[in-house]
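Subject: Structure handover

Hello,

Here is the structure you are taking over. My notes on salt bridges and one surface patch follow below.

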Amino acid sequence: MAHEEDGFGNYTQDGTVDLKGNPILRSKRGGWTACSFIVVYEVFERMAYCGISANLILYLTKKLHQGTVTASNHVTNWIGTIWLTPILGAYVADAHLGRYWTFLIACAIYLSGMCLLTLAVTVPGLKPPLCTSVDPAECPKATNLELTVFYAALYILAVGTGGTKPNISTIGADQFDDFDPKEKNQKLSFFNWWMFSIFFGILFGNTILVYIQDNVGWSLGYGIPTAGLALSITIFLIGTPFYRHKKPSGSPFTKMARVIVAALRKWKVPVPKESNEFHELQLEDYTKKGKFKIESTSSFRFLNKACVKTGSKDPWMLCSVTEVEETKQMLRMIPILITSFLPSVMVAQSNTLFIKQGTTLDKSMGPNFNLPPASLGAFVTVSMLVSVVLYDRVFVKLIRKWTKNPRGVTLLQRLGIGLALHIIIMIIASLTEKYRLSVAKKHGLEHTIGQVPLTIFILLPQFVLMGVADACSEVAKIEFFYDQAPESMKSLGTSYSMTSVGIGNFLSSFILSTVSHITKENGHKGWIQNNLNASRLDYYFAFLAILSSANFVFFLVISKFYQYKAEISDSMEVLKEEISGSKNKVPNQAS
């Protein structure tokens with residue numbers, strides 16, 4: 001147990017240290033005190049990120065004068081890059097610099113990208129000239145210099161987020177010791193409140209910043225999130241004395257490559273029945289390095305060949321049992337990762353086509369105020385915030401009485417609920433778009449880019465349900481990949497959840513471009529045009545609903561056979577016993 005009367009019980013037992021590598025007292029660092037600085041950072045950072053992403057499609061169409069398909073693909077390609085670069089950031093953190101220093105260097109890159117982006121929309125000669133035409137095709141195209149500076153800023157920003165996104169949430173989770181049941185219980189709620197902080201920042205971006213961009217100007221609209229990011233970095237630095245840190249443990253890619261190569265090179269070698277015949281280091285070798293020994297399992301049995309002793313000690317011929325099991329844990333998550341790609345395609349619609357739908361509708365909220373279409377994303381945020389609170393404070397407490405699971409339901413069950421909701425969302429979006437088109441046709445607007453006499457709030461159901469789905473799928477996804485990753489590869493595991501968003505956005509671009517191209521063949525006008533009143537987005541959304549349904553079936557099959565990794569401590573068992581009403585084994589246990 002974590003609290004022992006041996007002189008070491010007050011120190012963390014999970015291998016965390018201070019920046020100088022010294023063991024740390026549990027009472028001096030970590031916990032919610034340290035997390036408060038990290039969470040506040042994330043609120044401001046997400047406000048900055050959302051201040052750019054929420055309205056980007058409208059900047060591309062209205063200021064850079066790009067068409068609907070081109071602008072949508074630029075948005076999803078950029079967001080895809082934002083969420084793929086974390087693989088690189090995770091590698092640098094786990095293998096070389098550690099999470100803290102990787103994060104700080106990435107922050108400097110991120111902030112420089114934001115500053116350049118603000119200049120690109122402010123300085124004459126870098127920003128495109130004003131055009132009042134409704135049709136982007138009639139406006140002058142942006143110059144090569146304007147495009148180069150703008151996109152350079154966006155992708156510098158993307159490189160920076162590659163180092164911040166996989167490490168900041170992992171740094172937060174590292175503040176709780178798995179070997180202490182009280183802190184383990186707090187950790188189970190951490191990702192719920194982490195996502196709460198994220199969407200709180202997004203709410204500000206989707207409302208105040210979007211309004212400023214649409215009604216005051218893009219210079220101030222981008223300048224505020226740039227200042228917000230600078231403030232968030234300062235807040236993170238102030239919290240430095242309170243943080244716990246994990247030491248870098250070597251390249252996870254090299255470790256996994258060695259296991260796979262060693263197994264392939266010994267493919268003819270039989271696997272012993274007894275695990276004690278495998279090569280493994282002594283427990284002390286792991287303990288003194290702050291690492292954890294993992295017992296051999298029968299899954300991915302072929303990889304066990306990597307730790308069979310054949311006389312060679314070449315690391316590309318002989319690996320330890322723990323190295324083999326770490327590789328198995330990362331490979332075991334890949335099928336789940338694949339099933340998360342399409343849900344990210346669905347989420348991408350709320351940043352692109354859903355917003356474009358809003359531009360065709362009546363945006364008035366009274367005689368003197370028009371709702372910016374990108375502010376519809378605020379309803380996703382509010383819905384998600386409410387759902388997370390209800391899930392953590394009501395649903396979990398009720399359901400775990402029956403399931404005896406401290407989380408309420410398993411992580412994959414929670415993810416599955418989100419996937420099912422995405423199907424419903426796309427069906428509703430298709431039916432809503434069909435109704436919008438019928439009203440446009442009734443008023444003779446199918447050949448013009450005129451406003452359809454329908455309130456923008458007819459889109460509300462699909463945005464609200466997207467927030468509920470995010471509260472299930474996005475929270476479960478980030479917690480699942482963090483929780484199921486081996487201790488030495490937590491940043492890489494966290495990057496899995498971000499990779500799914502990145503690939504999902506690239507997949508969204510591919511699907512949109514492919515459908516647009518195919519439906520234009522043989523002289524047809526196509527489903528997606530610059531004039532949405534002449535498009536058939538209802539068909540496109542129905543197509544996405546069909547894809548989501550097929551993906552959901554695949555997810556159910558994969559999750560049925562998924563084997564969760566063993567816990568490194570008995571904290572979860574202690575919590576389960578408390579739920580069952582057993583006598584507490586740890587004094588002063590949190591409820």
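The term stands for a side-chain nitrogen of Lys or Arg within 4 Å of a carboxyl oxygen of Asp or Glu. Arginine 536 is partly exposed, at 29% relative accessible area, whereas aspartate 538 is buried at 3%. Buried here is under 20% relative accessible area, exposed is over 50%, and partly exposed lies in between (1.4 Å probe, protein chains only).

Two points on the basis of these values. The model is predicted, so local features need pLDDT of at least 70 and side-chain atom pairs count only at pLDDT 80 or more, while totals for chains, interfaces and linings use all residues. Residues are numbered from 1 along each chain as its sequence is written, and side-chain values use heavy atoms, with hydrogens and water left out.

Salt bridges

By the rule above, the count is 19 salt bridges. Side chains of opposite charge can pair when their charged atoms come close.

Helices (H or I, at least four residues) are DSSP runs, numbered from the N terminus. Glutamate 183 is buried at 7% relative accessibility, and arginine 26 is buried at 12%.

Glutamate 323 and arginine 258 also form a salt bridge, at 3.3 Å from N to O. Here helix 11 (residues 321-332) supplies glutamate 323 and helix 9 (residues 252-265) supplies arginine 258, a link between distant parts of the chain, 65 residues apart. Arginine 258 counts as buried, with 19% relative accessibility.

There is also a network of salt bridges, which links Asp94, Arg99, Asp174, Lys246, Glu487, Lys490 and Lys565.

Nonpolar patch

Leu19, Leu97, Trp101, Ile105, Ile109, Ile156 and Val159 make a nonpolar surface patch of about 590 Å². Helix 5 (99-120) and helix 6 (144-173) each give two or more residues to this patch, and helix 5 gives the most, with three. Patch residues have over 30% relative accessible area and no salt bridge, and nonpolar side chains (Val, Leu, Ile, Met, Phe, Trp, Tyr) are joined within 5 Å, like charges within 9 Å. Areas come from the Shrake-Rupley method with a 1.4 Å probe; for residues, only the protein chains shown count as cover. Leucine 19 lies in the segment before helix 1 (31-53) and is partly exposed, at 41%.

Regards
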